[in-house]
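Please study the sequence and the structure shown below before reading on. The report that follows is arranged by topic.

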Amino acid sequence: MRRWVGIMEAQERTRFGYATAKIAEVRQENYRVKTFVLDCGVEARPGQFAMVWIPGMDEKPMCIVNDDPLTFSVAKVGPFSSKLHGLGAGDKISFRAPLGNSFAIPTGAKKIILVGGGYGVAALHFLARVAKGKGVEPVMVVGARKRDDVIFEGDFAKLGVKTVVATDDGSGGVKGTAIDAVRQLLDAGEKFDCAYACGPEMMMHALAAVAQKEDMACQLSLERFMGCGIGICGKCDAGGGLVCQGGPVYNSRAAFKLEEFGICHRDTMGNKIRW
Amino acid sequence: MPGIDLSTNLLGAKLENPTVLASGILGTTGALMASVANEGGAGAITSKSASIKPRGGHPNPIVVDAIAEGGWMLNAVGLSNPGVEEKVEEIAHYRKLCGKPMIASVFASTAKEFGECAALIARAKPDAIELDESCPNVEGEFGALFCLNERDAAKAVEEARNSVPKSIPVFAKLSPSAPDIASIAAACVEAGADGITAVNTAGPGMAIDISRARPILANKAGGISGPALKPLAVRCVYDIYGKLEGKVPIIGTGGVANGADAIEMMMAGASAVGIGTAAYTRGMNVFREVCREMEELMEKNGYSKARELVGMAHG
Ligand SMILES: Cc1cc2nc3c(=O)[nH]c(=O)nc-3n(C[C@H](O)[C@H](O)[C@H](O)COP(=O)(O)OP(=O)(O)OC[C@H]3O[C@@H](n4cnc5c(N)ncnc54)[C@H](O)[C@@H]3O)c2cc1C
Ligand SMILES: Cc1cc2nc3c(=O)[nH]c(=O)nc-3n(C[C@H](O)[C@H](O)[C@H](O)COP(=O)(O)O)c2cc1C
């Protein structure tokens, strides 16, 4: 397997920051999420993202779900993600990675709570693995509309991570939102040194509010429409900060300072869309 | 630095230093523009070019970064913007957050539309309006650039000048691809332009990914910016200043990345210095850093006022 480090990395990757690899394996996670495992690795930290490029079509940000081998989990929601879903083992895939900042585990942390929704659950698996490696115990909370939306439950189990599933309709796990589940854990007296979230913004907004009330550190991975991914075009501004540069990970205090956090995001033109 | 005065004046707008955020870089939202001015230290801000109707621009990739490899960057953002009316609100928001001067950029596909768009943005009461007659990455759509011949360039200026209150200066932003940029600048001034911004990106150029054998930019071609553009920009500013005998202010833009570049641009004839790509390479604080470098270099060379550097290279 190729691994882009050292001199090899410089020679293979530096042309404009793009690298091309082949898809080694595709896994169907549920009715709309597929995981793509590439035949290469990069050095990245949990929370960082890649700009995945389909020549002649588009380029979009994707969370790094594993750095070696490089892995993405993609929800089929529109033209770009559908095109990606059409790719199979042996097909080429191009990307710029790693980009953006990452989740940080505070020194001395013993127990952390991870809260995910949608493809964000996959991104947090990377964090759970790194935390475990450091001897920190993660507890995973998965929020979903219904049972079929839950992904990576088996992967967390394999890692030995306690996982709580919450579904809006009660078709899986406990009935309620991810935040309800977090509150239940806290009410039961569990203590966490830090909370982490990747998923729908209003879920993260609610978690940040809980964390503030509980005086618990909290880090969120924000999602905004991205253009260049390197901090020049200004498309991913969240109200005073570029998510591709200052983020995607913000601690809750920094997130609350962004004028548009929990309020709106913007399309490619820059028009505001309320969450 | 005591004894060094960086302040300058751009047709009535007081700039605490001559650095100006160039249009299209970080100029999307009011909050972002305000942080470039307040935290980054820019003397003034140019908003991203707005058109009458909203535009999505080109799909990604919209930027190729070869700054480290070759000193250049390509962009084909494709003038995405939420439309001039939204822009008026972003500017109002900027005004709430920041007291520094603001230049509002507009673009259009006909001279008449330049007039209409300028009239709409004038409602935001910007300190100046900049007419982007020179974006090279929408050529397929809009035909040849406005600013490549004197008649078209002047016509757009005339329409805009006639549609905007006299109290708001109008700048024409020109392309280094024009065969004789100084004559075009002269025609614009003749038609009523109060100032010139020179230059926009050059080219367009192209970069091909060799493992995919495809141009990287979705638009295939894109405007060249960054240090590789600087000698071209300095020559353009020098020519325009010479032709206009220093009578109208020039915002010298193109490849400026440090204090020495800024001084060079002013010596060529720029009253203020636009910085775009370097806000990426050096980060938002580039404005503050360029000012500090200017002060050091001015001190070392015995210059005390930035205003006195303007056109100094013209013997
Ligand atoms: C830092 C960052 C990391 C990202 N990581 C991932 C990732 O790991 N996996 C992933 O699948 N996507 C991820 N995204 C989102 C992804 O980049 C695209 O937005 C997504 O693929 C949609 O592109 P499209 O062309 O298929 O659909 P579009 O036409 O752009 O979107 C179609 C519709 O779906 C909505 N939509 C977009 N994303 C989602 C979603 N996840 N769930 C529900 N609705 C959605 C859009 O708002 C729009 O209304 C990330 C985005 C950012 C900013
Ligand atoms: C990503 C990007 C977007 C740009 N968008 C615009 C724009 O909307 N309007 C405009 O007049 N110029 C635009 N420009 C041109 C810049 O304002 C500037 O003239 C040019 O980049 C040269 O300066 P620089 O080398 O300092 O970047 C853009 C440049 C870049 C790199």
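The sections below describe the contact between the two chains and then the surroundings of each ligand.

## The model and its chain contact

The structure is a predicted model. Its chain A and chain B touch through 35 residues from chain A and 41 residues from chain B.

The size of an interface is often given as the accessible area lost when the parts come together. For chain A and chain B, the area buried between them is about 3,000 Å². Carbon and sulfur atoms contribute 58% of this buried area. On the side of chain A, the residues that lose the most area to chain B are A:Phe16, A:Ile232 and A:Met269. Together, these three residues account for 23% of what the chain A side buries.

## Surroundings of ligand 1

Which residues are closest to ligand 1? Ligand 1 is surrounded by 17 residues, and the closest are A:Pro61, A:Ser73, A:Ala75, A:Phe80 and A:Ser81.

Several polar contacts can be located in the model. A polar backbone atom of A:Pro61 lies 2.6 Å from an oxygen atom of ligand 1. The side chain of A:Lys60 has an N or O atom 3.1 Å from an oxygen atom of the ligand. A nitrogen atom of ligand 1, in turn, is 2.9 Å from a polar backbone atom of A:Cys63. On its own, ligand 1 has 910 Å² of accessible area, and the protein covers 73% of it.

The side chain of B:Asp132 places a polar atom 3.1 Å from a nitrogen atom of the ligand. In the case of B:Val199, a polar backbone atom is 2.9 Å from an oxygen atom of ligand 2. How much of the area that ligand 2 exposes when taken alone does the protein bury? Taken alone, ligand 2 exposes 610 Å², and the protein buries 99% of that.

Key:
Residues numbered from 1 in each chain as written. Chains lettered and ligands numbered in written order. Predicted model: local features only at pLDDT ≥ 70, side-chain atom pairs only at ≥ 80, totals over all residues. Heavy atoms only, no water. Polar contact = N/O pair within 3.5 Å; in protein donor to acceptor, adjacent residues only side chain to side chain. Areas by Shrake-Rupley, 256 points an atom, 1.4 Å probe, with all protein chains shown as cover. Contact = heavy atoms within 4.5 Å. Buried area = accessible area lost by both parts, 1.4 Å probe. Near = heavy atom within 4 Å.
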